[in-house]
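Hi everyone, thanks for making time today. I'd like to walk you through a structure that may be new to you, so please have a look at it while I talk.

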Amino acid sequence: MSDAMSLPIDHFVIPVRDLQAARDAWIGAGFVASPISYHDSGLGTANSCIVFENSYIELMGVVEPTEANAGWRALRDAGPGLRGVALRSDGIEASAEALSRHGLAHDPIRRFARRVGSDELRFSVIRIARSETPGLLCLFCQHHTPELFWTPAALAHPNGARRIVGAALPGIAALRPLATAEPADISVEEGADRLRLLFASNGVGVETDALAGSCGLVLKAVAG
C-alpha cells in the first residue's frame with residue numbers, strides 16, 4: 001500500500017439494495033451484525049453494523065426516498081461497494097472548522113439518533129459536499145454514546161475478526177487534504193473495494209469474495 005494515506009477513520013458505509021440479504025451475508029461469513037435499526041429525523045434510512053475494535057462497517061438501506069438520502073441512493077444505484085467514509089471527530093464544531101480551513105465545502109452540522117432496543121445511540125455529523133468527493137459520500141462523525149455501540153457482544157465475531165487494518169476504495173484520494181503525517185491504525189488507498197482484517201491468532205479467519213455479490217467487497221485476512 002505504497003500510496004496509503006493516514007486518515008482518522010471512524011467507519012465505512014456500504015449502501016445496499018437489500019439490507020437483510022447483506023446482513024445475512026456478513027453473518028454467513030462468521031461476523032456479528034447488529035439488528036436492523038432505523039434512523040430518525042426524516043433520514044429515511046436503516047442500517048446494520050459490523051463492529052470492530054477500531055472501526056465498523058455500516059450497511060445502509062433506504063426505507064423511504066427522501067431529500068436527505070438522495071446522495072446514498074445515487075451511490076447505491078452506481079453499484080455495490082465502499083461508497084461512504086466517516087472520519088472520526090472528537091468535537092464536531094472543530095471538525096467543521098478544519099474542513100473550512102482546508103477549503104472543503106460542507107453541509108451544516110446535523111445531530112440525530114437511532115433506537116437499538118431500549119437504548120438510543122446519538123451522533124453528530126457534518127457532511128463534506130458531494131462536489132468535493134466524487135463517487136463517495138464523506139463526513140465527520142462524533143459518537144456521543146460510544147459505550148452503547150462498542151460492546152463485548154458486538155465484538156465477539158465467531159470467525160475471530162478483531163480490527164480493520166487496511167482498505168481500498170475508489171475516490172478516497174479526494175480526502176488527501178485531510179491526511180496527516182501521523183500513522184493511522186487503518187491504511188487507506190485508492191483502488192478496487194477491499195478490506196484487510198486482523199484476526200485473532202486462534203480465530204477461524206476468512207479470505208473470501210462471498211461478500212462481492214451483496215456488498216461489492218473482497219476481504220483479506222491478516223493473522224494477529
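**Cysteines, a cavity and the core**

Let's begin with the cysteines: a search through the whole structure turns up zero disulfides. Take Cys 138, which is in no disulfide; the nearest cysteine sulfur belongs to Cys 141 and is 13 Å away. Please keep in mind that what you see is a predicted model.

For reference, the cut-off for a disulfide is a pair of cysteine sulfur atoms within 2.5 Å.

And are these cysteines buried or exposed? Cys 138 counts as buried, at 1% relative accessibility, and Cys 141 counts as buried too, at 3%.

Next, the space inside. The structure holds one cavity of 30 Å³ or more. The largest cavity contains about 270 Å³ of space. It is lined by 21 residues, and those closest to its centre are His 39, Glu 58, Met 60, Phe 112 and Leu 139.

Which strands build that lining? At least two lining residues come from each of β2 (9-15), β4 (45-51), β5 (56-62), β7 (110-116), β8 (119-127) and β9 (137-143). Sorted by class, the lining of this largest cavity has 12 nonpolar residues, five polar ones and four charged ones.

In soluble globular proteins, nonpolar side chains tend to be buried together. Here, the largest nonpolar core has 46 residues, and the ones with the most contacts inside it are Phe 12, Trp 26, Phe 31, Ile 57, Val 85 and Leu 195. Apart from that core lies another, with 19 residues, including Val 51, Met 60, Phe 112 and Val 125. You have met two of those names already: Met 60 and Phe 112 are among the residues closest to the centre of the largest cavity.

Let me stay with Phe 31 for a moment. Setting aside neighbours within four places in sequence, Phe 31 is in contact with a list of residues that includes Trp 26, Ile 50, Phe 52, His 157, Pro 158, Leu 197, Phe 199 and Leu 219.

You'll find Ser 48 in strand β4, and it counts as buried, at 0% relative accessibility. Beyond its neighbours within four places in sequence, Ser 48 makes contact with residues such as Leu 19, Arg 23, Ile 57, Glu 58 and Leu 59, among them. By contacting Glu 58, Ser 48 touches a residue that is among those closest to the centre of the largest cavity.

Leu 136 sits in the loop between β8 and β9. Leu 169 is 33 residues away from Leu 136 in sequence, and their C-alpha atoms are 9.2 Å apart.

Gly 166 belongs to strand β10, residues 161-168, and is buried, with a relative accessible area of 1%. Leaving out neighbours within four places in sequence, Gly 166 is in contact with Ile 186, Ser 187, Arg 194, Leu 195 and Arg 196.

Last stop: Ala 200, in the loop between β12 (194-199) and α5 (212-215). Not counting residues up to four places away in sequence, Ala 200 touches Gly 160 and Arg 162. Ala 200 and Asn 159 are 41 residues apart in sequence, with 8.6 Å between their C-alpha atoms.

How values were computed:
Residues numbered from 1 in each chain as written. Predicted model: local features only at pLDDT ≥ 70, side-chain atom pairs only at ≥ 80, totals over all residues. Heavy atoms only, no water. Buried < 20%, exposed > 50% of the residue type's maximum accessible area, 1.4 Å probe, protein only. 1 Å grid on protein atoms, 1.4 Å probe; cavity = no way out; pocket = protein on both sides within 12 Å on 5 of 7 lines; lining within 4 Å. Points joined across faces, edges and corners; volume = space filled by probe spheres on them. Helix = DSSP H or I, 4+ residues; strand = E, 2+ residues; numbered from the N terminus. Nonpolar A, V, L, I, M, F, W, Y, C, P; charged D, E, K, R; others polar. Core = buried A, V, L, I, M, F, W, Y, C linked by side-chain atoms within 4.5 Å. Contact = heavy atoms within 4.5 Å.
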